[in-house]
Amino acid sequence: WLRFQAINRGKDPSYNYRWQLHEDGHWFNAWHSGDTSDWQTPFDTPLPDQPTAELPATLMQQIREQLLLAQFMTQPPFQQDKTVEDGSYYVVTAQRDGQTHEVIYNAVSPPPVPFLEKIVHQYGY
């Protein structure tokens, strides 16, 4: 239903993580292992077989509202700030009404990115 990826633009992938959220609230999170020997591979650990957490219904509703407020399904698929040299990529993929939409944010974090990024800090450690 929703996938979020945070990828460092530099040569240190140890901060990278990704999560996947199912409509039933099951949330799967995976952090990079911290091994920086292959910095070009953004993720070196798979998502877990079992949910990392089950997100509460109130948070699921807030996520839906944030996606609607940000008009995510109509956002351009690539957004960037060409003046930034470091920073992160965020990739958000959502499914709604049978359609899938993905946006790559290159060194920018407009809505809904800040809200979605907070989820890992609340449930992913």
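Predicted model: local features only at pLDDT ≥ 70, side-chain atom pairs only at ≥ 80, totals over all residues.
Me: How is the packing of two helices described, and what are the values for helix 1 and helix 2?

Reply: Two packed helices are described by the angle between their axes and the distance between the axes. Here helix 1 and helix 2, the latter covering residues 113-123, pack at an angle of about 160°, and their axes are 10 Å apart.

Me: Are helix 1 and helix 2 roughly parallel or roughly antiparallel?

Reply: Angles over 145 degrees count as roughly antiparallel. Helix 1 and helix 2 are therefore roughly antiparallel to each other. The crossing of helix 1 past helix 2 is left-handed.

Me: Which residues meet where helix 1 contacts helix 2?

Reply: From helix 1 come Leu 59, Gln 62, Ile 63 and Gln 66, and they meet Phe 115, Leu 116, Ile 119 and Tyr 123 of helix 2. By class, the residues of this contact are 6 nonpolar and 2 polar, with no charged ones.

Me: What is the volume of the largest pocket, and which residues line it?

Reply: The volume of the largest pocket is about 150 Å³. Its lining consists of Trp 1, Arg 64, Leu 67, Leu 68, Phe 72, Met 73, Ala 94, Gln 95 and Arg 96. At least two lining residues come from each of helix 1 (57-69) and strand 6 (88-96). The lining divides into 6 nonpolar, 1 polar and 2 charged residues.

Me: Is the peptide bond from Pro 111 to Pro 112 cis or trans?

Reply: That bond is cis, with omega near 10°. Pro 112 sits in the loop between strand 7 (99-106) and helix 2.

Me: What is phi of Gln 71, and where is this residue?

Reply: Gln 71 is a residue other than glycine with a positive phi, near 50°. It lies in the loop between helix 1 and strand 5 (78-80).

Key: Residues numbered from 1 in each chain as written. Heavy atoms only, no water. 1 Å grid on protein atoms, 1.4 Å probe; cavity = no way out; pocket = protein on both sides within 12 Å on 5 of 7 lines; lining within 4 Å. Points joined across faces, edges and corners; volume = space filled by probe spheres on them. Helix = DSSP H or I, 4+ residues; strand = E, 2+ residues; numbered from the N terminus. Nonpolar A, V, L, I, M, F, W, Y, C, P; charged D, E, K, R; others polar. Axes fitted to C-alpha atoms, helices over the stretch in contact; angles between N-to-C directions. Parallel < 35°, antiparallel > 145°, perpendicular 65-115°, else oblique. Left-handed = near helix turned anticlockwise from the far one by under 90°. Contact = heavy atoms within 4.5 Å.
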